[in-house]
Amino acid sequence: MNTPFELSLIAPAKLNLFLHINGRRDDGYHELETLFTFLNYGDELHFTLTNDKNISISGDTHGIALTDNLIYKAALLLQTQCKVNLGAKINLTKRLPMGGGVGGGSSDAASTLLALNTLWNTALTLDELADLGLNLGADVPVFIKGKSAIAHGIGEQLEYVKLPQKWYCVVFPNQHVSTAQIFTHPDLKRDTPKLLGDWQQQVLTNDCEPLVKKLCPEVEKTLQWLLKYAPSKMTGTGSCCFVEFASQVQAQDVLANLPHTWQGFIASSVNTSPAHTELAAIIDK
Ligand SMILES: C[C@@](CO)(OP(=O)(O)O)[C@H](O)COP(=O)(O)OP(=O)(O)OC[C@H]1O[C@@H](n2ccc(N)nc2=O)[C@H](O)[C@@H]1O
Ligand SMILES: Nc1ncnc2c1ncn2[C@@H]1O[C@H](COP(=O)(O)OP(=O)(O)O)[C@@H](O)[C@H]1O
């Protein structure tokens, strides 16, 4: 492969198909068991190489200051770690709701590390990139590794699983939920025992859901509304809720009836992150 001068990469959404909290560590982080699937829907990032060390972001930055943006933090981390003398112009098309539990910020950070590792020719392995990404967020490693998985630890120890392809209708009830607020709340359930035996034979829930429903009535309403179509669940620490179907038309039908106060999208799940599929196609050229 000739090192490209520019490239585009999706930053896909994730869903937590279940999320158990097993305990709290001394540093405040929580021990989790959670099943991650990737969706073929997400933000779009375009990277152009520059010969100075400047890192800039244009597009849908939604008022996030440059130095707070996880895209910038990821780029700076790789640049510093690998002593890179190049820079990048990065354009963001934001499709994923922020604070929605679909991992947009973490996915943007992961796709930035994956793309710049190629453009800057830093040649870190996925393990090295995942270790680096963990400094930016507990969810970043799963996006770097790019395979559906049950995550253990704080979300960084990954047990890969193959999941059947499904269609999802994901609804954002127009309320942002802060992950930190949920994880510091005294009422959060933190004592679910670790999974024993075959997880596919068990009833699996999201331990954050009861608390978020209490704090955020719109999430409760969304889950209730979705129940008309299929069993509804919340992803991560919310606020997005989803229903699962075997076919696209069923998911499309829910979206078509969505109340105007909420936003939604449909997408199919994939066992390999679409960022990895896109990157492999670029590298193979
Ligand atoms: C809960 C999950 C489930 O996938 O997703 P989201 O709902 O945020 O998308 C993630 O673990 C979120 O990962 P991420 O958003 O990268 O978390 P971080 O930036 O590292 O941490 C945000 C906040 O959550 C807390 N946190 C995060 C992960 C974890 N296992 N235990 C925690 O207590 C941290 O202490 C911090 O206050
Ligand atoms: N590129 C980015 N995209 C989204 N959020 C970002 C980004 N950079 C920083 N953030 C911050 O991270 C917070 C959590 O974002 P996000 O990952 O979308 O939520 P969640 O973890 O609930 O899926 C946002 O509220 C925002 O302040």
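Helices (H or I, at least four residues) and strands (E, at least two) are DSSP runs, numbered from the N terminus. This is a predicted model, in which local features need pLDDT of at least 70, side-chain atom pairs count only at pLDDT 80 or more, and totals for chains, interfaces and linings use all residues. Residues are numbered from 1 along each chain as its sequence is written, ligands are numbered from 1 in the order in which they are written, and side-chain values use heavy atoms, without hydrogens and water.

Select strand S1 (6–24), strand S2 (30–50), H1, H2 and helix H5 (179–183): each gives at least two residues to the lining of the largest pocket. Next, select Ser106, Asp139, Thr179, Ala180 and Thr237, which lie nearest the centre of this pocket among its 48 lining residues. The pocket has a volume of about 1100 Å³.

Now display ligand 2, which takes up space in the largest pocket. Around ligand 2 are 18 residues (each with a heavy atom within 4 Å), and Asn69, Lys94, Gly101, Gly103 and Gly105 are the closest. Colour helix H2 (104–119): four residues of the shell, the largest share, come from H2.

Finally, inspect the polar contacts (pairs of N or O atoms within 3.5 Å). A side-chain N or O atom of asparagine 69 is 2.9 Å from a nitrogen atom of ligand 2. At glycine 105, a polar backbone atom lies 2.7 Å from an oxygen atom of the ligand. Aspartate 108 places a polar side-chain atom 3.0 Å from a nitrogen atom of ligand 2.

Terms used:
A polar contact is a pair of N or O atoms within 3.5 Å; within protein, one must be able to donate a hydrogen and the other to accept it, and residues adjacent in sequence count only if both atoms are side-chain atoms. On a 1 Å grid over the protein atoms alone, a cavity is a set of points where a 1.4 Å probe fits but cannot get out, and a pocket is an open set with protein on both sides within 12 Å along at least five of seven lines; lining residues have an atom within 4 Å of a point. A molecule sits in a cavity or pocket if more than half of its atoms lie within 2 Å of its grid points. Grid points are joined across faces, edges and corners, and a volume is the space filled by probe spheres set on the points.
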